[in-house]
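Work through the exercises below with the sequence and the model side by side, trying each task before reading its solution.

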Amino acid sequence: MHACQTDAGPRLGCHLSLGRKPEVSIGEARAQGVECIQIFASSPGAWKPPVVRPEESARYLAARLEQGIDPLFIHAIYLINLASTDDMLRARSRASLVATLQAGGTMEASGVVAHIGSHGGRGFVAVRDIVATGLREVLANTEDSVDLVLENSAGAGGILGSTLEELAALLDATGGHPRLKIALDTAHLCGAGWDFSDPATAVRLVSEVQTLIGLDRLVLLHANDSKTPCGSHRDRHAVVGQGHIGREGFQQLLAQPELRRIPWILETPDLDTRLPPEQRFVSIHALRALMDGVESLPARVDVFPQSTAPQGDMPCMDYE
Ligand SMILES: [Zn+2]
Ligand SMILES: [Zn+2]
């Protein structure tokens, strides 16, 4: 396919925060051009499993379908570590994934996105089999409709999945289970050393995904810009066009037909519900402008005063 073809481009979406009425948050997002969403099914910093009441789930699904929002992904909690040496923690991690996949089934989600965990200094090879055992157990104990989607990392502190090779090795070690899929976060790719200021990088990314993982396994892009430079191994998301990937980097990514066929979901600081309305969803508008070939991006806004800037490896949401 050719880059100047007129196909529609990826479905654009965002992570929606918990604790608001689904009709309100979904309607508000749809009005800004959001076509697909990701949510937490439970507070991401707590082990408490998701509780999905059938009537609430039906209401959520109705609101989503009425607005044409599809697909839905659920992001697993951040505490999961399938590589932990602590038997209890490993068991809790597996159980949490099972519960979240079951919640995903009730909510008609396409997949549950999960961070794999950390090898804690032991190296990938030492933990590969124990992670694969966990993945197989989780997949064996959940229904067939929801994929388990492993997310790449920026590689800080032994966090697994910072290279396509590691993700590929985990797919291999689970025997290529048909429900095990991959999500790539562009900010994490940047942190792990993918330099999108080089116009060849997006092409190389697609080619390596094809060779190592298989394009059919790549089901989701987290289209976050990165506040920290290429190779920093840090994970700080930026508004699209205002980070180290930048508009040129996203233009290159948008030019890849293989990436346009999957949903692009944002976890950027402009999604914070505490912001004034004119500062929200600017990343969606920036991507839409790039897709439409519009030259000017929305004016740069200083989204977060320093004191309220979200910290750490969180997609910049309010979690309560
Ligand atoms: Zn994530
Ligand atoms: Zn991130």
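**Exercise 1.** Describe the unit that strand 3, helix 3 and strand 4 make.

Solution. Strand 3 (residues 72-75), helix 3 (residues 87-106) and strand 4 make a right-handed β-α-β unit, right-handed meaning that, with the strands pointing away from the viewer, the path from the first strand over the helix to the second runs clockwise. Helices (H or I, at least four residues) and strands (E, at least two) are DSSP runs, numbered from the N terminus. The model is a predicted one, in which local features need pLDDT of at least 70 and side-chain atom pairs count only at pLDDT 80 or more, while totals for chains, interfaces and linings use all residues. Residues are numbered from 1 along each chain as its sequence is written, and chains are lettered from A and ligands numbered from 1 in the order in which they are written.

**Exercise 2.** Find the strands that pair with strand 4.

Solution. Strand 3 runs parallel to strand 4 and is joined to it by three bridges (pairing requires at least two DSSP bridges between two strands), with G111 as the bridge partner of F73. Strand 5 (residues 147-151) also pairs with strand 4 in the parallel sense, over four bridges, and here V113 stands opposite V149.

**Exercise 3.** Determine how helix 3 and helix 4 pack.

Solution. Helix 4 (residues 124-140) belongs to a right-handed β-α-β unit with strand 4 and strand 5. Helix 3 passes helix 4 in a right-handed crossing (the near helix is turned clockwise from the far one by less than a right angle). The contact includes L97 and L101 of helix 3 and V138 of helix 4 (C-beta atoms, placed from the backbone, within 7 Å).

How values were computed. Axes are lines fitted to C-alpha atoms, for helices over the stretch in contact, and angles run from 0 to 180 degrees between N-to-C directions. Two residues are in contact if their C-beta atoms, placed from the backbone, lie within 7 Å.
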